[in-house]
Amino acid sequence: MLRINCPFCGLRDHHEFTYGGDATVERPALSERSMEAWYQYVFVRTNPAGWMQEYWQHTGGCRAWLVVERNTRTHEIGATHLARDRITEVDRG
Amino acid sequence: MQAYSAWNLFTHALRGHKQWPEAWRKRAPKSGYDAIIVGGGGHGLATAYYLARNHGIRNVAVLEKGWIGGGNVGRNTTIVRSNYMIGGNTPFYEWSMKLWEGLAHDLNFNVMLSQRGHMILAHSADQLHAFTRKANTMRAHGIDAEILDRDALLREVPYLNDAPDARFRFHGAIVQRRGGTARHDAVAWGYARAADRLGVEIIENCAVEDFIVEGGRIKGVETSQGTIRAERVGLAVAGHSSELGRKLDLELPIESHVLQAFVTEPVKPLVDHVIAFGAELFYLSQSDKGGLVFGGSIDGYNSYAARGNLPIVHNVAELACAVAPCFSRLRLLRHWGGVMDMSMDGSPIISKTPIDNLYFNGGWNYLGFKATPASGWTFAHTIANDAPHELNACYSLDRFRHGVQLDEEGTGPFPRLH
Ligand SMILES: Cc1cc2nc3c(=O)[nH]c(=O)nc-3n(C[C@H](O)[C@H](O)[C@H](O)COP(=O)(O)OP(=O)(O)OC[C@H]3O[C@@H](n4cnc5c(N)ncnc54)[C@H](O)[C@@H]3O)c2cc1C
Ligand SMILES: [Zn+2]
């Protein structure tokens, strides 16, 4: 059973969360004209076998988007962060 | 190697069935082959068989990390059908269906194809209209399809829950009478044995760990049993595609997800068809031993663990009871999972790659068992001719780059939704 530690709500059951996929994929700027960049963003995935960073939304709770580290081989769950913190970091470059 | 026949069955019975030869020979790898197929699942074995049978390329090795039948080919819910509506899918899956219909004779192995009919239930008038459109498309391609109205459906499948307070009432169904099930293990064993008889070497416990690429051209593989050189290499490793792709810098539009299947305790014959629920993803059939075989959605998050989690167990049990409350007293005996290669558009890839003489087969989603014969047929053609067969030209790896995806479900580039 997956249980995710929401920074606001604590350790909660898998049922309460909605998956958002690979959190390392970054959307190009809307002004980006390179087809290659959009192709990479929309279609190409590294699909790691092992630790992965992924988005989960606490839809059945506080509705925050989280970045969760999870091992795709064992389903073990590691650190959890608020997605907005990570995005702010990316924006700051 | 001995043919399976009534006469041989009789003579072996006299000897207590103790002298049957092995179905395929155990082999140690040679230093090189004309072609190597990585992955001894249904697709890899079928490819090797058709390379030998259709193209006369017999100096072929199939390298399998584990044992034959240990992957998804031995884990699926065994549904075969050809009721697809989009572009290249319609003719491809119909060619597969035609191959299924002659497969037991072709392989001299009983794959137990049971054309018991495949039915998808409609729960609204609009859904039945959409199914009618699908049925018309199929019939325009010469594929059998029937639309049942509500009364005809309930006459044919009387145990469906049509109580006035049922959450999902029935408006009818689309039926493909030629659809049904096949024995999954027999498909793996049958292709393995038939390929072996044509000279293909099947090497189990041989994991491919790396590749030899010289001047942009594949030259062989590094395995747990040493280096093996080959002029051509085909990858058919289903859920493990990305792991091997990484070694080749191959960019793949694939995510690995876990799909579970379930079998109940055996009961007397009840479910005559393969039934797919139309309001959510749930499908069932009854095995020859009497167990009901249930399948649902993938768990919905990336996974390389061949086991799933409880929410899907719960969901599948709920859906079973929604379809027919009489299932509610059955106990689930077993459940298991398989690592699925989900592609970004829900359709497979059978293709050349940016590396010369390296070919890729994967991205099978929920469709890979029924596709096994046509996948092997067209992948063998692609490898033998260094060019796709007309049936798999639409399944090229670069279709994503060119915006010609084949999204049968119309759910967009989200593998968890296909
Ligand atoms: C629970 C479940 C239910 C399903 N139900 C259906 C259904 O009803 N109908 C349908 O059409 N499809 C169904 N499918 C899908 C279908 O089973 C798969 O798409 C199909 O079997 C995949 O192709 P394969 O048989 O070649 O895969 P596999 O049998 O998985 O073969 C791949 C092989 O590659 C090997 N391999 C991996 N890495 C390496 C390596 N490095 N070196 C050497 N070998 C390697 C693996 O050990 C494995 O044996 C289902 C799948 C699952 C899991
Ligand atoms: Zn929360």
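Okay, let's start with a hairpin: β9(B) and β10(B) form one with two residues between them, and B:Gly215 in the turn has a positive phi of about 55°. Six bridges join β9 (residues 208-214) to β10 (residues 217-223) of chain B, and the two run antiparallel. Strands count as paired if DSSP finds at least two bridges between them.

Quick housekeeping. This is a predicted model, where local features need pLDDT of at least 70 and side-chain atom pairs count only at pLDDT 80 or more, while totals for chains, interfaces and linings use all residues. Residues are numbered from 1 along each chain as its sequence is written, chains are lettered from A and ligands numbered from 1 in the order in which they are written, and side-chain values use heavy atoms, with hydrogens and water left out.

Now, chain A. What does its secondary structure come to? Two helices and six strands, and along the sequence the pattern reads β-β-β-α-β-β-β-α. Its C-alpha trace spans about 40 × 25 × 20 Å along the principal axes.

Four of the strands form an open sheet, ordered β3-β4-β5-β6 (chain A), with antiparallel pairing. At the edges you get β3 (18-22) and β6 (77-82) of chain A; each has a single partner strand, so one side of each is left without a neighbour in the sheet. Neighbouring strands there are turned by 30° against each other on average, direction ignored. For angles, the axes are lines fitted to C-alpha atoms, for helices over the stretch in contact, and values run from 0 to 180 degrees between N-to-C directions. Within that sheet, seven bridges join β4 (residues 51-57) to β5 (residues 65-71) of chain A, running antiparallel. A:Trp51, for instance, has A:Asn71 in β5(A) as its bridge partner.

On to chain B, which has an open sheet of eight strands with mixed pairing, in the order β5-β6-β4-β13-β14-β15-β12-β16. Which strands stand at the edges? β5 (146-149) and β16 (332-343) of chain B, each with a single partner strand, so one side of each lacks a neighbour in the sheet. Look at β4 (residues 118-122) and β13 (residues 274-276) of chain B: three bridges join them, and they run parallel. B:Ile120 is the residue opposite B:Ala276 in β13(B). Across β12 (254-264), β15 (292-302) and β16 of chain B lies helix α8 (residues 310-323), at about 140° to β15(B).

Next, helix packing. Helix α3 (residues 89-107) and helix α6 (residues 184-197) of chain B pack at about 50°, axes 10 Å apart. That makes α3(B) oblique to α6(B); for the labels, under 35 degrees is roughly parallel, over 145 roughly antiparallel, 65 to 115 roughly perpendicular, and the rest oblique. On contact, meaning heavy atoms within 4.5 Å, B:Trp100, B:Leu103 and B:Leu107 in α3(B) meet B:Val187, B:Gly190, B:Tyr191, B:Arg193 and B:Ala194 in α6(B).

How do α3(B) and α9(B) sit, then? Their axes come within 7 Å and cross at roughly 105°, and the two helices are therefore roughly perpendicular to each other. Residues in that contact include B:Phe92 and B:Trp95 of α3(B), plus B:Pro373 and B:Trp377 of α9(B).

Then there's α2 (residues 42-55) of chain B against α6(B), at an angle of about 30° with axes 9 Å apart. These two are therefore roughly parallel to each other. Among the contact residues are B:Leu45 and B:Tyr49 of α2(B), with B:Ala188 and B:Tyr191 of α6(B).

The whole structure has 24 of them over all chains, a salt bridge being a side-chain nitrogen of Lys or Arg within 4 Å of a carboxyl oxygen of Asp or Glu. The one I'd show you is B:Arg401 with A:Glu36, at 2.3 Å, N to O. B:Arg401 lies in the segment after α9 (372-385) of chain B and A:Glu36 in helix α1 (residues 35-43) of chain A, so the pair joins two chains.
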